[in-house]
Amino acid sequence: QVRGLCGTFNGDQQDEFMTPEGDVELGVAAFANAFRAAGACPALGPGIPNPCDSFPGRWERAEAICAVLLGPVFQ
């Protein structure tokens, strides 16, 4: 029942990169670009930058916020 940037959480890792159109992308950049709002931001290239490299002081906050994905809501 879960689909999108968070994956499918159905135990099948082969379909984790499912696009809004239902296609399965093989690479992270192509998958992320499928969810990009047209013209809102530049498309990702083959090398995905780590967002924490731009904001090193926010690493702890990012880990805390992302920990929600590992919590009971997504189990």
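The chain holds 3 helices and 0 strands; helices (H or I, at least four residues) and strands (E, at least two) are DSSP runs, numbered from the N terminus. This is a predicted model, in which local features need pLDDT of at least 70 and side-chain atom pairs count only at pLDDT 80 or more, while totals for chains, interfaces and linings use all residues. Residues are numbered from 1 along each chain as its sequence is written, and side-chain values use heavy atoms, with hydrogens and water left out.

Next, colour by pLDDT, the predictor's confidence in each residue, from 0 to 100. The protein chain has an average of 79, and 95% of the residues score at least 70. Confidence is highest in H1, at 85, and lowest in helix H2 (residues 51–54), at a mean of 74. Where pLDDT is low, the predicted coordinates should not be read in detail.

Now display the C-alpha atoms alone. Along the principal axes they fill a box of roughly 35 × 35 × 20 Å. Of the contacts in the protein chain with a separation of 6 or more, 12% join residues 24 or more positions apart; a contact means heavy atoms within 4.5 Å.

Switch to a surface view. The accessible surface of the protein chain is about 6000 Å², and carbon and sulfur atoms contribute 59% of it; the areas come from the Shrake-Rupley method with a 1.4 Å probe, and for residues only the protein chains shown count as cover. Among the 75 residues of the chain, 13% are buried, where buried means under 20% relative accessible area, exposed over 50%, and partly exposed in between (1.4 Å probe, protein chains only).

Select Thr19, in the segment before helix H1 (28–34). Is Thr19 buried or exposed? Thr19 counts as buried because its relative accessibility is 2%. Beyond its neighbours within four places in sequence, Thr19 is in contact with Arg3, Glu25, Ala34 and Phe35.

Ala34 is partly exposed, with a relative accessible area of 26%. Leaving aside neighbours within four places in sequence, its contacts are Thr19 and Pro20. For a distance check, draw a line between the C-alpha atoms of Ala34 and Asp23: the two residues are 11 apart in sequence and 9.6 Å apart in space.

Show the aromatic side chains next. A pair of aromatic rings is described by the distance of the centres and the angle of the planes. Rings of Phe, Tyr and Trp (its six-membered ring) pair if their centres lie within 6.5 Å; planes under 30 degrees apart count as stacked, over 60 as edge-to-face and the rest as tilted. This rule gives 2 aromatic pairs. Phe17 and Phe31 are stacked, at 4.8 Å centre to centre and 20° between the planes. This pair links distant parts of the chain, with Phe17 in the segment before H1 and Phe31 in helix H1, 14 residues apart. Phe17 is partly exposed at 27% relative accessibility, whereas Phe31 is buried at 5%. The pair of Phe31 and Phe35 is edge-to-face, because the ring centres are 5.3 Å apart and the planes stand at 70°. Phe35 is partly exposed, with a relative accessible area of 30%.

Finally, select Phe17, Phe31 and Phe35 together: they form one aromatic cluster.
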